[in-house]
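Me: Hey, can you help me make sense of this structure? I'd like to go through it bit by bit.

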Amino acid sequence: MAGEQGVRRERDMRDAQDTHDARGQERLAERFEEHRGQLGAVAYRMLGSLAEAEDAVQEAWLRLDRSGGDGIDNLGAWLTTVTGRICLDLLRSRTARREEPMTEGFDTFVPDPVLRSLPRADPEAEALHTDSVGIALLVVLETLEPAERLAFVLHDMFAVPFDDIAPVVERTPAATRQLASRARRRVRDATPAAEPDLARQRRVVEAFLAASRAGDFEALVSVLHPDVVLRADAGALARGVAASKVVQGARTVATGAFHFRHLAPLARVVLVNGAVGTVAVSEGRPVSVTCVTVADGLITGLYILSDPERLARLDLSALEA
């Protein structure tokens, strides 16, 4: 009898421990979810890819789950630096792959866009949405070395102290500060000026669309800055041929837009990463997304994503309204 009671006590203790562990893991998961939004924002700015950002956040959760949260005083800071480290490894792997011939033409890369309906009431508030980091800025971030990008994103965008970033990039805090400073200068010098007013942006974009739909070449030229740059990313299979390219100059860009004017009737004006742009939809599926940079009433930059594989993964639910 005593033996049976002992077995029951051991079983009850195991069950109690299992329940305690399950509750602890559930609480840990709840605490992680409180930080998921910021972690996704960090990873997206680091990687420019929504799918890779989601994978990085999931990996951060797996590392937290394995640790059990033991000894972590500031969970948000811990998760942010862990996510940064995961993204740094991904960026370094990506940089190594670019040396291979199959990735030639990566300079045409256009980051994954975040689409939202154009606001009807409060455009200023909408422009401040947390996912509205501009496509043009993300393109500039792609030119940074991985460690520079990490230092800039974590410190300048998320106020992570250099003392916390230094171990991730395996440098001293002073050297990490220099990384961020160098990145900051490059970002400042390379990021194009942009019109902040959404209404003015929209007028210019709609004028461009109207000229495209009408097949009016000179009207297209008139809305483009003389040094406008177009970056078109049609995907890995198309890189190295005409579909993926970077071109400059109003008449050159207008010629390309004129050749693709058949897509203009499919386009609707939306917000692309907080700026006015367009998405062309056919049979319920996006065929291209264009982010537009406007300054002084003219289009200075066009960033076009037409990669079918990446477009198929876009979330269009925010455009339903």
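Me: What does the side chain of S49 reach?

Reply: In this predicted model, the S49 side chain reaches the backbone nitrogen of E52, at 3.1 Å.

Me: And where does S49 lie?

Reply: S49 is in the loop between α1 and α2. Leaving aside neighbours within four places in sequence, S49 is in contact with Y44 and D112.

Me: Buried or exposed, that S49?

Reply: S49 counts as buried, because its relative accessibility is 9% and the cut-off for buried is under 20%.

Me: OK, zooming out. How many helices and strands does the protein chain have?

Reply: The protein chain has 12 helices and seven strands. It runs to 321 residues, and 46% of them count as buried.

Me: Which residues touch the most other members in the largest nonpolar core?

Reply: That core has 62 residues, and the ones touching the most other members are F32, M46, L64, L115, I135, L141 and L150. Helix α1 (residues 2-47) gives the largest share of this core, with nine residues.

Me: Why would nonpolar side chains end up together?

Reply: In soluble globular proteins, nonpolar side chains tend to be buried together.

Me: Pick L150, then. What does L150 touch?

Reply: Not counting residues up to four places away in sequence, L150 touches M46, G84, L88, H155, I165, V168 and V169. There's also a second, separate core of 28 residues, and A250, V292, V294 and I299 are among its members.

Me: New topic. How many aromatic pairs does the structure hold?

Reply: Two. One of them is F32 with W61, a tilted pair at 5.4 Å centre to centre, with 55 degrees between the planes. F32 lies in helix α1 and W61 in helix α2 (residues 50-67), so this pair ties together parts that are 29 residues apart in sequence.

Me: Are F32 and W61 buried or exposed?

Reply: F32 is buried, with a relative accessible area of 1%. W61 is buried as well, at 15%.

Me: What about the rings of F217 and F258?

Reply: Their centres are 6.2 Å apart and their planes sit at 85 degrees, so that pair is edge-to-face. It links distant parts of the chain: F217 is in helix α10 (residues 217-222) and F258 is in helix α11 (residues 250-259), 41 residues apart.

Me: What sits over the ring of F258?

Reply: The charged end of R261 does, 4.0 Å from the ring centre. F258 itself counts as partly exposed, with 24% relative accessibility.

Me: Let's jump to helix α7. Which of its residues are buried?

Reply: In α7 (residues 162-169) the buried ones are F162, I165, A166, V168 and V169. They cover an arc of only 165 degrees around the axis, so they are on the same side of α7.

Me: Why do some residues in a helix point the same way?

Reply: An α-helix has 3.6 residues a turn, so residues three or four places apart point the same way.

Me: And what comes just after α7?

Reply: E170, which takes a positive phi of about 60 degrees.

Me: Last one: where is W78?

Reply: W78 is in helix α3 (residues 75-98). It is partly exposed, with a relative accessible area of 25%. Leaving aside neighbours within four places in sequence, W78 is in contact with R63, L64, S67 and I72.

Terms used
Residues numbered from 1 in each chain as written. Predicted model: local features only at pLDDT ≥ 70, side-chain atom pairs only at ≥ 80, totals over all residues. Heavy atoms only, no water. Core = buried A, V, L, I, M, F, W, Y, C linked by side-chain atoms within 4.5 Å. Buried < 20%, exposed > 50% of the residue type's maximum accessible area, 1.4 Å probe, protein only. Helix = DSSP H or I, 4+ residues; strand = E, 2+ residues; numbered from the N terminus. Contact = heavy atoms within 4.5 Å. Phe/Tyr/Trp six-rings, centres within 6.5 Å; stacked < 30°, edge-to-face > 60°. Lys NZ or Arg CZ within 6 Å of the ring centre and 35° of its normal. Arc of directions from axis to C-beta. Polar contact = N/O pair within 3.5 Å; in protein donor to acceptor, adjacent residues only side chain to side chain.
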